[in-house]
Amino acid sequence: MWKLLQIELFKISKRPRTYIAFIAVAAIVFIFQFAFKADGQSYMDLMLQSVKDTFSFDRVQAINGYFMCYIILNTLLIQIPILIALIAADSISGEANMGTLRLLISKPISRTQIILVKFAAATIFTIFLLLWMAITALFLSLLIFGAGDMLVFRSKGDESQILLITRDDIMWRYYAAFAYATVALTVIAALSLLLSIFAENSIGPIIATVCIVIVCTIISNINVPVIDKNVKPFLFTSYLVGWKGFFYIGTDIDGKTIKGSLENWPAIRKSLLILIAHIFILVSAAVVVFKKKDILS
Amino acid sequence: MIRPIKIIPLLFLLLTAVAGKSQDVNILLAKVKFNIDKVYDYKASARMITNVSFLKVPDADVKVYFKKPNKLKIKNEKGISFVPKGAVSINLNNILSGGKYTAIDAGKDKIGNTIVRVVKLLPEDDNADVVLSTVYIDEAALLIRRAKTTTRTNGSYQLEMSYGNYASYGLPDKIIFTFDTKDYKLPKGVTFDFDDGTQNNRTAADKAKTKNGSAEITFHNYLINKGVEDAVFK
């Protein structure tokens, strides 16, 4: 298995498209950093327009590395599934396209092993992509903008809130958020892998994955009670943004934040378990489908 | 029938009494201001507890800087703090500035166990932002215990002050500053929030509370008349 995984990782590293994802992430992060360095205060003014007459605060301090990373993740983690699909959707269909799939399954390894190794390789790619995001969006932003207390702007039902997390209480939240994001994006990898079994080239599964993610994300963000109750709980996209739960700091009865606390850990844990269940179901389905597949290419 | 000749002395007595009362409160205000005027500048360490429904923030250690006539800055040197803009009024000089007001005696009231004189201050400038200030003065200690201000553009705010070691300078140990605030609304579509299933069970009373906020500032120490750089207030 280890040898197989090494071969898979070698194949991924040799594909130019692998690096498209890393370049795209770096480009988007740099654009954000440049824009906020040049005129971040306009963004702050927009977010605080309804209370700017009532409160004053240090806008320069508020735009720091932690805040930047949160803003970038907020934007990127919606687009990142597309980059994951570029690699994971190529897993089986790419072999079929090149005509190496028949050769691969003629080797003395089970089809289950092939799928599990392909899945593990896609997961490792996802981890590396998120590590790259952490380096560029978090650590580079900290170098450029410095550290400080972090503001989180949030809508909760019909209410909007501003949460303030002190600088000594932030880093562990990022570690947890990136770990959560790894699980969330692994669902995309598993979905792409499953779809790639049905195709003879990678374009179809990539487009199918992207379409599924876009449609489900739109449905997840429609605020209609009947959809909220009956549809959203079953869509994995409803849980993709669960990483934000690590930044919803707990408060006491007076609204004072409690250092090291989470507002709703059970909800995050539940989301995490649902995502893990998705991974298990999708990978199992991939194994079952691949086992029954007639390899004609 | 009362003859006019009898009414005139009565009116004179009445007017004298009213004028006398006004003179009393002006003397009282002058005495209070005398204490406050002893402070040219100060720097103080303080702890600020903000209580606003949409702000979820920890208590903050802040520095408060003041310089005559009306420069005041509250700074959190270790992090971010939301400072209510009306907090400049914790400088009582702002309320009693220049004596450009008409003082009206509004009788006596009680704050805790202390009997206080209630004085209403009407600004002489018709275009001033402050419409009316009401100060509650402890006549024995010559200290302002409470101040209520109504403005044209920034709503109303109230100061509750308790005094200790620095009472001789008219500087409080603790201020509770209550102010009007609007409900905070995020612009639409800028966040994709995680719906963790928690509900807002806000009642009408809760929603009414969002119209008010408060900041409680407890001062630890003052450095009075030791000089404060102008750069601090930028």
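I count two residues as in contact if their C-beta atoms, placed from the backbone, lie within 7 Å. With that rule I looked at chain B. Among its contacts between residues at least 6 apart in sequence, 55% join residues at least 24 apart. I note at the outset that this is a predicted model.

**Entry: chain B overall**

I listed the secondary structure of chain B. The chain has three helices and twelve strands. I then looked up burial. Of the 234 residues of chain B, 30% count as buried.

**Entry: the ten-stranded sheet of chain B**

I traced the strand order next. Ten strands of chain B form an open sheet in the order 4-3-1-12-11-10-9-8-7-6, with antiparallel pairing. Which strands stand at the edges? I found strand 4 (71-75) and strand 6 (101-111) of chain B there. Each has a single partner strand, so one side of each is left without a neighbour in the sheet. The twist from one strand to the next averages 20°.

I picked one pair inside this order. Strand 7 (residues 114-123) and strand 8 of chain B pair in the antiparallel sense over five bridges. I looked for the partner of Val118(B) and found Tyr136(B), in strand 8 of chain B.

I noted two residues of chain B against it.

Leu142(B) has a phi near 55°, a positive value in a residue other than glycine. I located Leu142(B) in the loop between strand 8 (130-138) and strand 9 (143-151) of chain B. The cut-off for buried is 20 or more.

Asn225(B) is not a glycine either, and its phi is positive at about 55°. I placed Asn225(B) in the segment after strand 12 (212-224) of chain B. Asn225(B) has 13 other C-beta atoms within 10 Å, which means that it is partly exposed. Exposed would require 12 or fewer.

**Entry: where chain A meets chain B**

I turned to the contact between the chains. The contact takes 45 residues from chain A and 30 residues from chain B. On the chain B side, strand 2 (55-56) and strand 5 (83-84) each supply at least two residues. I sorted the chain B side by class: 13 nonpolar, ten polar and seven charged residues.

Strand 1 (residues 55-56) of chain A runs antiparallel to strand 5 of chain B, and two bridges join them. Ser56(A) stands opposite Val83(B) of that strand 5.

Within chain A, seven bridges join strand 2 to strand 3 (residues 159-165), and the two run antiparallel. I noted Leu151(A) opposite Leu164(A) in strand 3 of chain A.

I describe two packed helices by the angle between their axes and the distance between the axes.

I took helix 2 (residues 16-47) of chain A with helix 7 of chain A. They pack at an angle of about 20°, with their axes 10 Å apart. Angles under 35 degrees count as roughly parallel, and that makes helix 2 of chain A roughly parallel to helix 7 of chain A. The crossing of helix 2 and helix 7 of chain A is right-handed.

I then took helix 7 (residues 111-145) with helix 12 (residues 265-292) of chain A. Their axes come within 9 Å and cross at roughly 140°. Helix 7 of chain A passes helix 12 of chain A in a right-handed crossing. Arg111(A), Thr112(A), Ile115(A) and Phe119(A) in helix 7 of chain A meet residues of helix 12 of chain A, among them Val283(A), Val287(A) and Phe290(A). By class, I list six nonpolar, one polar and two charged residues in the contact of helix 7 with helix 12 of chain A.

Conventions:
Residues are numbered from 1 along each chain as its sequence is written. Chains are lettered from A and ligands numbered from 1 in the order in which they are written. This is a predicted model: local features need pLDDT of at least 70, side-chain atom pairs count only at pLDDT 80 or more; totals for chains, interfaces and linings use all residues. Axes are lines fitted to C-alpha atoms, for helices over the stretch in contact, and angles run from 0 to 180 degrees between N-to-C directions. Helices (H or I, at least four residues) and strands (E, at least two) are DSSP runs, numbered from the N terminus. A crossing is left-handed if the near helix is turned anticlockwise from the far one by less than a right angle, and right-handed if clockwise. Ala, Val, Leu, Ile, Met, Phe, Trp, Tyr, Cys and Pro count as nonpolar, Asp, Glu, Lys and Arg as charged, and the others, Gly among them, as polar. Two strands pair if DSSP finds at least two bridges between them. Angles under 35 degrees count as roughly parallel, over 145 as roughly antiparallel, 65 to 115 as roughly perpendicular and the rest as oblique.
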